[in-house]
Amino acid sequence: HSQLVESGGGLVKPGGSLTLSCTDRKDSLNYDDVGWFRQAPGKEREGISYISDDGEKKVYADSVKARFTVSRNNNWNMVYLQMSDLKPQDTAVYFCARRRDGTIVNPLSPSDYNTWGLGTQVTVSS
């Protein structure tokens with residue numbers, strides 16, 4: 001069984017930084033690719049980043065490229081999303097996700113993932 005948990009969200013001013021964390025409290029993340037997604041009120045869930053199981057492949061959406069950095073520490077069963085130069089339009093609930101069984105074909109497509117955390121709120125406001 002899996003229990004993905006995100007943490008690190010909060011309120012930050014424009015231009016500020018936050019680092020989100022993702023772990024699984026019941027299982028190892030080490031053998032799975034992990035995606036980061038976000039969903040703002042009234043909008044569809046958006047894929048923003050992906051990291052392969054070994055950390056070698058990383059993918060970013062254009063909206064966050066050069067501002068966000070994904071990483072992982074498999075010794076600690078953790079995946080991170082470092083966010084900098086945050087903008088009000090980054091305000092959303094942020095989720096991490098993994099696919100149990102099968103192959104991820106489109107790393108930023110929510111439909112390629114079948115296990116999700118509950119999310120952590122990020123609010124960017126002055």
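User: Which residue in β5 is the bridge partner of G35?
Analyst: In this predicted model, G35 is bridged to Y50 of β5. Strand β4 (residues 34-39) and strand β5 (residues 46-51) run antiparallel and are joined by five bridges.

User: And how many residues lie between β4 and β5 in the hairpin?
Analyst: There are six residues between the two strands of that hairpin, and G42, which sits in the turn, has a positive phi of about 75 degrees.

User: What about W36, which residue in β9 is its bridge partner?
Analyst: That partner is C96, and the pairing of β4 with strand β9 (residues 92-98) is antiparallel, extending over six bridges.

User: How many residues of β4 are buried?
Analyst: Five of its six residues are buried, so β4 is largely enclosed by the rest of the structure.

User: Switching to R72: where is it, and is it buried or exposed?
Analyst: R72 belongs to strand β7, which covers residues 68-73, and it counts as buried because its relative accessibility is 15%, where the cut-off for buried is under 20%.

User: Which backbone oxygens does the side chain of R72 reach?
Analyst: The R72 side chain comes to 2.8 Å from the backbone oxygen of L29, and it also reaches the backbone oxygen of S52 at 2.8 Å. Leaving aside residues up to four places away in sequence, R72 touches a number of others, including D32, D33, V34, I51 and Y80.

User: How far apart are R72 and D54 in space?
Analyst: Their C-alpha atoms are 8.5 Å apart, while in sequence the two residues are separated by 18 residues.

Note on methods: Residues numbered from 1 in each chain as written. Predicted model: local features only at pLDDT ≥ 70, side-chain atom pairs only at ≥ 80, totals over all residues. Heavy atoms only, no water. Helix = DSSP H or I, 4+ residues; strand = E, 2+ residues; numbered from the N terminus. Buried < 20%, exposed > 50% of the residue type's maximum accessible area, 1.4 Å probe, protein only. Contact = heavy atoms within 4.5 Å. Polar contact = N/O pair within 3.5 Å; in protein donor to acceptor, adjacent residues only side chain to side chain. Pairing = 2+ DSSP bridges.
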